[in-house]
Amino acid sequence: PIEIDISNLSTEDLQSLKQDDPFLYYSIPVVRRAEFRLEEPDMSQSSSKGSTTVTRRTRVSCECHMDLLMDDLLGDFEDEENDESALEQMDLYFSKLLGLYASQQ
């Protein structure tokens, strides 16, 4: 199996890996989580999680149960006071989720 050490990957290395070997790119846990959250991958998180070696997977599932996604996006919204800024933040999350955020800019 193909393996890569992700401890010293730069942004350019990630972009190159995404083009050259998408399966290996999406096998990186930090990258996969960032995709779920509609964010850019933060590779500084990968070095704090223990092993920095990633094995290439031949099948990568990018499916996530909607409950997990909504918990991630909304967090503890029910526990917060529903002030105007919290509602605006929630609206932004829903826009991102629906893909409207990019088209509005």
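**Ser27.** I looked up Ser27 and found it in the loop between α2 and α3; helices here are DSSP runs of H or I with at least four residues, numbered from the N terminus. Ser27 counts as buried because its relative accessibility is 2%, where buried means under 20% relative accessible area, exposed over 50% and partly exposed in between, with a 1.4 Å probe and protein chains only. Its side chain reaches the backbone oxygen of Phe23 at 2.6 Å.

**Basis.** I note that this is a predicted model, in which local features need pLDDT of at least 70 and side-chain atom pairs count only at pLDDT 80 or more, while totals for chains, interfaces and linings use all residues. Residues are numbered from 1 along each chain as its sequence is written, and side-chain values use heavy atoms, with hydrogens and water left out.

**Tyr25 and Tyr26.** I searched for aromatic pairs, meaning rings of Phe, Tyr and Trp (its six-membered ring) with centres within 6.5 Å; planes under 30 degrees apart are stacked, over 60 edge-to-face, and the rest tilted. The count comes to one aromatic pair. Tyr25 and Tyr26 form it, edge-to-face, at 4.8 Å centre to centre and 85° between the planes. Tyr25 is buried, as its relative accessible area is 3%.

Leaving out residues up to four places away in sequence, Leu9 touches Ile4, Leu14, Ile28 and Met43; contact means heavy atoms within 4.5 Å.

**α3.** I found Val30, Val31, Arg32 and Ala34 buried in this helix. The cover over the buried residues of α3 includes α1 and α2. Just after α3, Leu38 takes a positive phi of about 60°.

**Glu12.** I placed Glu12 in helix α1. Glu12 counts as exposed because its relative accessibility is 59%. Its side chain makes a polar contact with the side chain of Ser10 at 3.3 Å. For such a contact, N or O atoms lie within 3.5 Å; within protein, one must be able to donate a hydrogen and the other to accept it, and residues adjacent in sequence count only if both atoms are side-chain atoms.

Technical notes:
Helices (H or I, at least four residues) and strands (E, at least two) are DSSP runs, numbered from the N terminus.
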